Amino acid sequence: MSPLREVAPMAIKDILVLLDANSDATGSYAVSLASAFQAHLTAVALVVNPTAGMAFPNVPADFLISALENARDAARRIPEALAAKARASGVALETDIVETAVAGTDQAIGALARNFDLTIIGQPNPDTPGDRESLIEAALFGSGRPVLVVPYIQTPPLLLEKITIAWDGSATAARAVGDAAPFLDRAKEVELVTVADPSETDEEAEAATHRIRRHLARHDVETKFRTLPRAGDVAGTLLSYAFDSGTDLMVMGGYGHSRFREVVLGGATRGMIEAMTVPVLMSH
């Protein structure tokens, strides 16, 4: 019998970034992350085919075909600037266009993201119409893989001086901690925070995190602990702390709930995505 072989944990080596015409911040951050982890980066632009199925039955076919060709041309141009940044950083970049029917976008994105270690998507910009929130939902709930959401105002590259873990003891939070392991290994400081339950003392809150902090310590990740008094909603409390404390990356479970058989973002998750000012790694 051959001796047992020590198996190292999976690293981040294969990254997907979803791009549109307003993804400069997302693309630059993705290149910096791929460079830091010496990972392959695949940049995908999405084209929704209006001629597929019966999405627009009352619109002339020639108009829909023209719209499709225009969308394809625009999608081909999207990765050009990113390709130059990738070359300058020594990042191996592959570009692709994924074409879907109007009704099949969520399924296509979920299926695509399953083939990568990590999917990077830009935060929805309220001043720029788009479907990024639905893409985040599709990747988060349909892939089984972590999703990193980049603020549309992001300018710094990947920084890992400080990572904050938003811990609520849930299964999704536990999965996020596991998925974040390659980032936690590189961080100079890791802090685990909980948003205080009004009926719970600080001592009780800290005791409730003892096991997860001990688990991380066994992986050589030492954590500080802090209880955050709730100021408004949970998302607002976490974001305010992240900004004040100089967090470079937030790690949290992505909560969703069922509505008409579709999974949609839960309140705290949606609030985080809408108002975030730091990159957030989410898992479900």
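How many salt bridges does the count come to?

Analyst: The count comes to eleven salt bridges. The model is a predicted one, and a pair is counted here when a side-chain nitrogen of Lys or Arg is within 4 Å of a carboxyl oxygen of Asp or Glu. Three of these pairs are described below, followed by some other parts of the chain.

Start with Arg72 and Glu99. The closest N and O atoms of this salt bridge are 2.8 Å apart. Arg72 belongs to helix H2, residues 61-77, while Glu99 belongs to strand E3, residues 93-101, so the bridge ties together parts that lie 27 residues apart in sequence. Glu99 has a relative accessible area of 36%, so this residue is partly exposed.

Next come Arg76 and Asp73, whose side chains meet in a salt bridge with an N to O distance of 2.6 Å. Both residues are in helix H2, and because they are three residues apart there, about one helical turn separates them. Arg76 is partly exposed at 46% relative accessibility, and Asp73 is also partly exposed, at 33%.

A further salt bridge joins the side chains of Arg270 and Glu137, with 3.7 Å from N to O. Here Arg270 is in helix H11 (residues 267-275) and Glu137 is in helix H5 (residues 132-142), so this pair ties together parts that are 133 residues apart in sequence. Arg270 counts as partly exposed because its relative accessibility is 27%. Glu137 counts as buried because its relative accessibility is 13%, and the cut-off for buried is under 20%.

Glu137 can also be placed against Ala45. Along the chain these two residues are 92 residues apart, and their C-alpha atoms are separated by 17 Å. Ala45 is part of strand E2, which covers residues 40-49. With a relative accessible area of 1%, Ala45 is buried.

Some charged residues form a surface group instead. Asp197, Glu200, Asp202, Glu203 and Glu204 gather in a patch of negative charge on the surface. Residues in such a patch have no salt bridge, and each has over 30% relative accessible area. Glu203 is one of the five residues listed in this patch; its place is in helix H8, residues 202-208. Its relative accessibility is 60%, so Glu203 counts as exposed.

Polar contacts between side chains are a separate matter. One of them joins Ser283 and Asp179 at 2.7 Å. Ser283 lies in strand E12, which runs over residues 280-283, and this serine is buried, with a relative accessible area of 1%. Another polar contact, of 3.0 Å, joins the side chains of Thr105 and Thr100. Thr105 is in helix H4, residues 105-113. Its relative accessible area is 8%, so Thr105 is buried.

To go back to the charged side chains: Arg72 is paired with Glu99, Arg76 with Asp73, and Arg270 with Glu137. The negative patch that includes Glu203 is on the surface.

How values were computed
Residues are numbered from 1 along each chain as its sequence is written. This is a predicted model: local features need pLDDT of at least 70, side-chain atom pairs count only at pLDDT 80 or more; totals for chains, interfaces and linings use all residues. Side-chain values use heavy atoms; hydrogens and water are left out. Patches are made of residues with over 30% relative accessible area and no salt bridge: like charges are joined within 9 Å, nonpolar side chains (Val, Leu, Ile, Met, Phe, Trp, Tyr) within 5 Å. Accessible areas come from the Shrake-Rupley method with a 1.4 Å probe; for residues, only the protein chains shown count as cover. Lys and Arg count as positive and Asp and Glu as negative; His and the chain ends are not counted. The place of a charge is taken as NZ of Lys, CZ of Arg, CG of Asp or CD of Glu. Helices (H or I, at least four residues) and strands (E, at least two) are DSSP runs, numbered from the N terminus. Buried means under 20% relative accessible area, exposed over 50%, partly exposed in between (1.4 Å probe, protein chains only). A polar contact is a pair of N or O atoms within 3.5 Å; within protein, one must be able to donate a hydrogen and the other to accept it, and residues adjacent in sequence count only if both atoms are side-chain atoms.
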